[in-house]
Amino acid sequence: MSLMALIKGTKGPSGFGYASTAEHVTAGLDLTGKSILITGVTSGLGRESARVLAMRGAHVIGTGRSAEATRGVLARFGADTTAVACELSEPASVRQAASEIANLGRPLDAVIFNAGIMALPKLQQKYGYELQFFTNHMGHFMLMQGLMGALAPGGRVVVVSSTAHMGAPKGGIQFDNLSGERGYGAWSAYGQAKIANLLFAKELARRFEGTGRTANSLHPGVIITNLGRHLNPVMKFGFGVASVVMCKDVHQGAATECYLAVNPDAAGVNGQYFDDCNVARPRVDGTDAETARRLWDASEEIAARFP
Ligand SMILES: NC(=O)c1ccc[n+]([C@@H]2O[C@H](COP(=O)([O-])OP(=O)(O)OC[C@H]3O[C@@H](n4cnc5c(N)ncnc54)[C@H](OP(=O)(O)O)[C@@H]3O)[C@@H](O)[C@H]2O)c1
């Protein structure tokens, strides 16, 4: 048996592993009466997670850049769903989305911060901040700010990070270079945004201690999705090769976020980083409580610019 086949067949302590799918990790669950928010349901892992969780009976509140496109995707599932427009790089849109979701009056049993962009070849900014940091981290940070009161007592927050957080700059976050102007690399900026996802979940988990609410982050695997849309041809080739070697399909890619959001065995798990539906070890500065706290404070300061 090849090494890859061995890895693909391996299951961890959770009983799930590399090859588990979102349907496997939710098998037998009746999620009727649960409300689950997922960002970025118009494509890839978000769309698959929304499909499976809706199929299990949850009321899925899905976000996308436009309400129309999001509604179009969710309508295909033939379930009771809510579509909300949320352009994560536009604070006004994020604030509006948070207020729309909070006003639904449905306590959120789980929130999956899934949407993201990857490896923009050239520096792009929004409001003076590097776009991947601003979209992947700040967009979700501000959404969470508006949804703290809407989270159910045992609500679970699931933040989709990536093993690409390993490529973040030394120390994790370059607090003196959030604009990207003092040096930019496509993968280090993506890595910084993804370690920010991880540190955000870490600090959220600390703040949730003793409340029954939880926050965790994860790497979903390597899956060919629209995430590669910003890659130049050379990067696309490299990503394609990596995907073939370590390839998960979208059903497997959505498993870990669905596991953390709804599987009973993940209830009460707080402040962990998951890979293949099992606890994994992130880069050491991705677990640094002081950096997590500092990122939270910096994010609050940035968010305050956009009341
Ligand atoms: N695929 C992988 O190999 C892989 C590996 C590690 C981590 N991840 C992470 O997994 C998550 C999902 O990725 P995916 O592979 O499913 O990618 P995808 O197919 O490109 O889906 C990303 C989703 O995010 C949305 N989105 C992007 N920019 C947005 C913005 N500014 N405002 C609102 N929504 C926005 C997209 O909306 P549109 O459809 O409108 O663009 C789409 O719904 C991401 O956080 C990614 O970093 C993926």
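1. Among the contacts in the chain with a separation of 6 or more, 73% join residues 24 or more positions apart, two residues being in contact if their C-beta atoms, placed from the backbone, lie within 7 Å. This is a predicted model, in which local features need pLDDT of at least 70 and side-chain atom pairs count only at pLDDT 80 or more, whereas totals for chains, interfaces and linings use all residues. Residues are numbered from 1 along each chain as its sequence is written.

2. The chain has 11 helices and 12 strands, these being DSSP runs numbered from the N terminus (H or I, at least four residues, for helices; E, at least two, for strands). Its radius of gyration is 18 Å, close to the 19 Å that the globule rule gives for 307 residues, so the chain is as compact as a globular protein of that length; the radius is taken over C-alpha atoms, and the rule is 2.2 Å times the number of residues to the power 0.38. Along the principal axes, the C-alpha atoms fill a box of roughly 55 × 50 × 40 Å.

3. Of the 307 residues in the chain, 49% are buried, a residue being buried if 20 or more other C-beta atoms lie within 10 Å of its own, exposed if 12 or fewer, and partly exposed in between, with C-beta atoms placed from the backbone. The largest nonpolar core has 81 residues, and those with the most contacts inside it are Ile36, Leu53, Val60, Val111, Ile112, Val158 and Cys258; such a core is a set of buried Ala, Val, Leu, Ile, Met, Phe, Trp, Tyr and Cys residues joined through C-beta atoms within 7 Å. Helix α7 (residues 186–208) supplies the largest share of this core, 11 residues. Leaving aside neighbours within four places in sequence, Cys258 is in contact with Ala22, Val25, Thr26, Ser49, Val52 and Leu53.

4. Around the ligand there are 27 residues, the closest being Gly40, Gly44, Ala115, Gly116 and Thr225, where a residue counts if its C-beta atom, placed from the backbone, lies within 6 Å of the molecule. Both α3 (44–55) and β9 (222–223) supply at least two residues of this shell, and the largest share, 3 residues, comes from α3.

5. Ala119, in the loop between β4 (108–113) and β5 (125–126), has a positive phi of about 50 degrees. Asp276, in the loop between β11 (273–275) and β12 (278–280), also has a positive phi of about 50 degrees. Ala119 counts as buried, with 23 C-beta neighbours inside 10 Å, and Asp276 is buried with 25 other C-beta atoms within 10 Å.
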